[in-house]
Amino acid sequence: MGGVLDFISNTLGGLWNDSGLNALFSAGGWKNLVMILVSFIFMYLAIAKEFEPLLLLPISFGMLLTNLPMAGLYHPELWVLVDGHVDYGTVLRDGGLLDVLYLGVKLQLYPPLIFLGIGCMTDFSPLIANPKSFLLGAAAQGGIFFTFVCAGLLGFTAAEAGSIAIIGGADGPTAIYVSTRLLTGGGSITTGNIALAAYTYMALVPIIQPPIMRALTTKKERSVKMEQLRTVSKTEKIIFPIAVTLIVSLLVPSAAPLVGMLMFGNLLKESGVAARLIDTAQNALMNIITIFLGISVGATTQAEQIINLKFGGVMLLGVIAFSLGTACGIIFGKIMYIVTKGKVNPLIGSAGVSAVPMAARISQKVGAETDPTNFLLMHAMGPNVAGVIGSAVAAGVLLSVIG
């Protein structure tokens, strides 16, 4: 009888020692528990509040999976550079499910494919009809470069500073693309840190932007009604993506993967002869890549990389970058208001931060608060889509400068 009891006791003891529960409630396991609770909060925001649910939900579930002790789904040590490169053979042989999915992030495949789908869904007509919108989209990237300098002064490495600064573009795939290229692994800041901050602030656009917009503009400026945009021809719509690809890729080659795929998707849309390809890019491909991107980026948010002072710095500098980008766009909008003698509403400058189409809707909302008959949405879409191009170009500049 004693032998049976000993066997049962040893078996149960072994099961407990090998269980995730034991690891979760052991010394240091509290960090994993905190991250699991944080993942629940993000799931709530995605489901109940619909804050960027298409990416926030996969990211939050990836966060849950990667912080389950003993699960072996993701191994950050496999992604540390050895002799200047990652041993992808070891990743495929010894990695878990999330390690394999993360290959698409590390090899910079997912973000450009996301841009392909975005291009298929984007109408550049407001930008083509009003080319001055390019200036607003460019101005709104000012927050990126100012934050890059600030992060460097605060002690972050150039790679970390560039990864943090790109959050100011309010473009999740671009932030993931840049951070994956720059962050080599092994440090306290990961792609997951950057993605988490980027999508948090993208979801908070309706909260962050309006106070800045009201503070930097007068009631008279917010009341400006802009002239109706001209009709854009099909020929212009077809030439535009080709021209942008050539110009941007020749000037900033590092931006070619993002801008090229964005413009290829738009060319498919505007050509009118590739309905099946458009349908695939907009739906099946976009949905698959979004799932893989979200859950694999969430996998990098392990407790050791999130619960530290540096991640607090990432969040703080991220909101500064985003706020400064909004402010730069509005300030340049005020300059255009003066130059055009009151024909440009400065509010549309805030849409240059690239969060499409949410930022443009916020411009419309704040303008309508002052004058309910004022319709700024289409005018704000020009800087908004220009911001998508601008953030990709800013990413290329950072990658060129930092190497």
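Reply: In this predicted model, the largest pocket holds about 860 Å³ of space. Its lining counts 30 residues, and those closest to the centre are Glu52, Leu54, Ile118, Met286 and Val356. Seen by class, 19 lining residues are nonpolar, 6 are polar and 5 are charged.

H18 supplies the largest share, with 5 residues.

Start with H7. Its 12 residues should span 16 Å at 1.5 Å a residue, and the end C-alpha atoms are 17 Å apart, so the two values agree. H7 is mostly covered, with 9 of 12 residues buried. The buried set is Tyr110, Pro111, Pro112, Ile114, Phe115, Leu116, Gly117, Gly119 and Cys120. These residues pack against H6 (97–106), H12, H17, H18 and H22.

H22 is one of those partners. It should span 38 Å over its 26 residues, at 1.5 Å a residue; the ends are 37 Å apart, C-alpha to C-alpha, which agrees. H22 is mostly covered too, as 19 of its 26 residues are buried. Just after H22, Gly403 takes a positive phi of about 80°.

H17 is another partner of H7. It covers residues 256–271 and contains Glu270. Is Glu270 buried or exposed? Glu270 counts as buried, because its relative accessibility is 10% and the cut-off for burial is under 20%. Its side chain makes a polar contact with the side chain of Lys269, at 3.0 Å. Leaving out residues up to four places away in sequence, Glu270 touches Thr122, Asp123, Lys234, Lys237 and Ile238.

The peptide bond from Val356 to Pro357 is cis, with omega near -10°. Most peptide bonds are trans. Pro357 sits in the loop between H20 and H21.

That loop also holds Lys341. Lys341 is not a glycine, yet it has a positive phi of about 60°. Its relative accessible area is 77%, so it is exposed. Met70 also has a positive phi without being a glycine, at about 70°. Met70 is found in the loop between H4 and H5 (88–94). With 57% relative accessibility, Met70 counts as exposed.

Gly318 lies in H20, residues 309–339. Its relative accessible area is 0%, so Gly318 is buried. Gly318 and Ser163 are 155 residues apart in sequence, but their C-alpha atoms are 9.8 Å apart in space. Beyond residues up to four places away in sequence, Gly318 touches Ile164, Ile167 and Tyr201.

Gln209 belongs to H14, residues 205–216. At 0% relative accessibility, Gln209 counts as buried. With residues up to four places away in sequence set aside, it touches Phe322, Thr326, Ser350, Val353, Ala359 and Ile362.

Terms used
Residues are numbered from 1 along each chain as its sequence is written. Side-chain values use heavy atoms; hydrogens and water are left out. On a 1 Å grid over the protein atoms alone, a cavity is a set of points where a 1.4 Å probe fits but cannot get out, and a pocket is an open set with protein on both sides within 12 Å along at least five of seven lines; lining residues have an atom within 4 Å of a point. Grid points are joined across faces, edges and corners, and a volume is the space filled by probe spheres set on the points. Helices (H or I, at least four residues) and strands (E, at least two) are DSSP runs, numbered from the N terminus. Ala, Val, Leu, Ile, Met, Phe, Trp, Tyr, Cys and Pro count as nonpolar, Asp, Glu, Lys and Arg as charged, and the others, Gly among them, as polar. Buried means under 20% relative accessible area, exposed over 50%, partly exposed in between (1.4 Å probe, protein chains only). A polar contact is a pair of N or O atoms within 3.5 Å; within protein, one must be able to donate a hydrogen and the other to accept it, and residues adjacent in sequence count only if both atoms are side-chain atoms. Contact means heavy atoms within 4.5 Å. The expected span of a helix is 1.5 Å times one less than its number of residues.
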